[in-house]
Structure formats: C-alpha cells, structure tokens
Amino acid sequence: MSHLKAWRAAIVHCIADPKDVGIDAAYEYYQDGLLVVEGDTIYALGDAATLIPTLPKDLPIEHHPHAVITPGFVDTHIHYPQTDMIGSYGEQLLTWLNTYTFPEEKKFSDKAHARDVADRFLKELLRNGTTTALVFGTVHKVSVEAFFEASEVHNLRMICGKVMMDRNAPDYLTDTADTSYQESKELIDTWHNKGRLHYAITPRFAPTSSEQQLQLAGKLLSEYHDVYMHTHLSENKDECVWVQALFPTSNNYLDVYDQHKLLSERSVFAHGIHLCDDEYHRLHETGSAIAFCPSSNLFIGSGLFNLQKAEDHQVNVGMGTDIGAGTSFSMLQTMSDAYKVIQLQNQNLNPIKSLYLATLGGAKALRLDDKIGNLAVGSEADFVILDKKATPLLTSRLALSKGIEETLFVFMTIGDDRAIKATYSAGQCVHQRSSDNSSAQI
Ligand code: GUN
Ligand code: ZN
C-alpha cells in the first residue's frame, strides 16, 4: 500500500444530475474531507476523521486547509488551433470565420507550429483545471498528430479529430470527401483508444461539407462502434438560413446530420441555440449531446442557449469554452457566463448544476462517466485544488460564505486560473500554481 497518497481539504463532487434527484441529492460534500489515490485511481473518499484511522500510519497526507477539491473540469467543445486568435474583434460567426479563423488555421499545415500551439494549449487547459476536452484540430492530419503526441506526454484523457471540410472555405484549407475519409480512418487506427486518447470524426459544420463528405463521415461512424462525432449546430441565425439553402431537402438543421447518420450516443453538437422541438427530440432519441458554450455565444453574438428546453427534452448537455470564439479557457469563467445567459432568460443556474455541467454532466455527454467526472472510488484521479485565498477578493468574500453552494458560486463568479492551486491527471500533478500566482509550471 506504499503507493497510496492522500489530500485533505474540503471536497465536493456531483453524483447525479440535479434535474433528476434535486440539488441536495446531486452532490456529496466533505467539509474536512480526504481523497485517497492509489496510482492513477481514486481509492477512497470521505471524512478525514473517519478515514484516517482505517489507513496505513505512514500514509503521506497533503493538507490544504484553505482549499476545495473538485473533479477536473470537462470542456466539451474547444478548438486548440484557435488559441492564438482569442479576442478577435468585431464579427459574428460567418465573417469571423473568414476574417480571422481560416487564416489562423492555415498555419497548422506545419507540424512544428501545431506542436508548439498544442503544448501551450494544454498548459493553458491545465492551469485552468481542465483535465479532459473534446477538441477540434484543423483540416491538416498533422495538426491532430501533434495534439495527440502532446497530450500523451501528460497522460491526459483527451478527444480530438481532423476537421473535414471540402467546400465553402479557402482552397488552402479544404480536403476532399475521399481524403478526409482516408485520413480520418488512419488517425482512428493509430490514435483511438491509445492510452487515454479518443478520436472524434469532425465535419466542421454542414456548410463546409458536401453531401458526399457527410455521407462518408456517417460511414466512418458506423465502422467504429465507439468513436465520437463532433460538429457545430445551429449557432447563428445567418448560418441557419445558409444551411437551409444548401440542403433544401432537409427538414431542419439537425436533419442534415441525421440524414447522413451522424447522430449517435457519442455525437456532440456545439451550441444548438436556434433549435425547434423536432431537433431537441431527435437529439434525445439518439442520445446525442449539446455543448453549451456561453462565453462564445455572447462574444460573437450568437444568442442565448435555452438550457430549460434541452432539459425538458432530456437532451444531454455539457459545457464548453469554444476557444477562440470563447473568451476564456477557465471553466469557472465559463460557468459565470452560463449563469448570466440563464439570468437573461429570467431563470437561475444553481451552482451545483453548473458544477455538474462542468464535470459529471460533461463526462456523461462524452460517455466517460465510468472513468471521469467525479471522485467516486475507482474513478481516474483527475482533480483540482481550488484556493479560497487565491486573491484578496476571494479571501474576503469567501470568509463570509455560509456554505459550499455559496463558496462554489463565488468561485464561479470571481474565480479564474488564479484560483487553481494545482491540477492532477491520473494521480499525477500536471499543474502547480507558482507562489507568485503569475505563471504555470508542469
Ligand atoms: N462553426 C463552424 N466553424 C466554427 C468555429 O471554428 N467556431 C465556432 N464557434 N463556430 C463554428
Ligand atoms: Zn466551435
């Protein structure tokens, strides 16, 4: 048992969706908790006073009296090649893509560039406490190879895919239906389920794929029982009008993907803002998920995601940053924007529900909840140590907190990367905040 290690702090994690069991039954909280890890796996979780006497006397315990431990965050939609174009001014989706995104993604034909960005991207995720993400590459096969190679170094559970796009984009950024099928297949054969890595078939969105390419994407999805499908859906009103013009026989936007057999239990659709009831219904029926990306939806002016409707239809929902249309790598900041998006619809987003969406809900959307998403015994030891004294404002505000729900809500409202004291992936420390709170180390 010498390979056991323990962390003592306040500990909170979700065990169910608040919509199914109510807020109180959806989480477990230990005010003075102990998280015990054996190698890469959670070995025990409980009250420190109860657990410690049952464990070996020489067990190393790291004590964080001013911290809250949560599961690592799960980002269900993000573009690693857009890391360096975050904060691009003044456009909505379609002009934003042409003006900023496509020229930036062109650079990823160069593997050395791709690897440099992938390394910095992963460091940024880890310094924000995100341990798993569903990630877009670019159209270039090497962009995905670089990403997986970088992820492997830190033994991270990551999902990525090569963008498929054969029309309505610059020549320098298009493939063909056949090459996209072939290259995606090669990437799946090499990388899918290698260690903690998984592959996502990634048609960018309906407007940039021909019918033939979408059909081959569907064929690929049918050829592998557990690969993912990752795309965009109904983000922007002009986009929706364009999709209707490009696919006149489809009943609605989602139906374009449905007609090409792209809906599945491992299909994740980013945004889903302007959906009709039939679309929610099909998402539910097929076990597909929506990635709710509030900071992106606000930043490029796409609209307000209707979480209530998605819940009414029992659609799986995760949360995503959608870098670089999103404005922060921080899932805490993303939860802050989610709260505001829901406020604008005259509803409230409970902090436990937010935590759920950013951890176990995301893991469920990705069908990884048997491995990650909470701190249940047997889960992979991906977790975050949040520092209640990370900033002067957090210190003074949290001194007045009356309980864990309020504490979480304050972290979500004014917390960001500074609040992440350390991040662990599979039991290993992958980020330790430096003491001056200014830079990250791995
Ligand atoms: N729709 C198609 N491509 C993109 C992209 O790169 N970002 C976002 N937010 N939406 C898209
Ligand atoms: Zn996106």
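Two residues are in contact if their C-beta atoms, placed from the backbone, lie within 7 Å. This is a predicted model, in which local features need pLDDT of at least 70, side-chain atom pairs count only at pLDDT 80 or more, and totals for chains, interfaces and linings use all residues. Residues are numbered from 1 along each chain as its sequence is written, and chains are lettered from A and ligands numbered from 1 in the order in which they are written.

**View 1. Helix H13 crosses helix H17.** Helices (H or I, at least four residues) and strands (E, at least two) are DSSP runs, numbered from the N terminus. The axes of H13 (residues 331–343) and H17 (residues 404–414) come within 6 Å and cross at roughly 95°. Angles of 65 to 115 degrees count as roughly perpendicular, so H13 is roughly perpendicular to H17. Axes are lines fitted to C-alpha atoms over the stretch in contact, with angles from 0 to 180 degrees between N-to-C directions. On the H13 side, Leu-332, Met-335, Ser-336 and Tyr-339 meet Phe-411, Met-412 and Thr-413 of H17. The contact has 5 nonpolar, 2 polar and no charged residues.

**View 2. The shell around ligand 1.** His-79, Leu-93, Leu-97, Thr-101, Arg-204, Phe-205, His-232, Glu-235, Ser-296, Asp-322 and Ala-325 surround the ligand. Each has its C-beta atom, placed from the backbone, within 6 Å of ligand 1. Helix H3 (residues 93–106) gives the most, with 3 residues. By class, the shell has 4 nonpolar, 4 polar and 3 charged residues. Ala, Val, Leu, Ile, Met, Phe, Trp, Tyr, Cys and Pro count as nonpolar, Asp, Glu, Lys and Arg as charged, and the others, Gly among them, as polar.

**View 3. The hairpin of S15 and S16.** Strands S15 (residues 420–425) and S16 (residues 428–433) run antiparallel, joined by 4 bridges. Strands pair if DSSP finds at least two bridges between them. Ser-425 stands opposite Gln-428. The hairpin has 2 residues between its strands, and Ala-426 in the turn has a positive phi of about 45°.

**View 4. Backbone exceptions in loops.** Most residues other than glycine have a negative phi, and most peptide bonds are trans. Asn-193 has a positive phi of about 65°, in the loop between helix H6 (177–191) and strand S9 (197–203). Asn-193 counts as exposed (12 or fewer other C-beta atoms within 10 Å), with 12 such neighbours. Gln-314 has a positive phi of about 55°. A cis peptide bond, with omega about 0°, joins Ile-323 and Gly-324. Gly-324 is found in the loop between strand S13 (316–319) and H13.

Terms used. Angles under 35 degrees count as roughly parallel, over 145 as roughly antiparallel, 65 to 115 as roughly perpendicular and the rest as oblique. A residue is buried if 20 or more other C-beta atoms lie within 10 Å of its own, exposed if 12 or fewer, and partly exposed in between; C-beta atoms are placed from the backbone.
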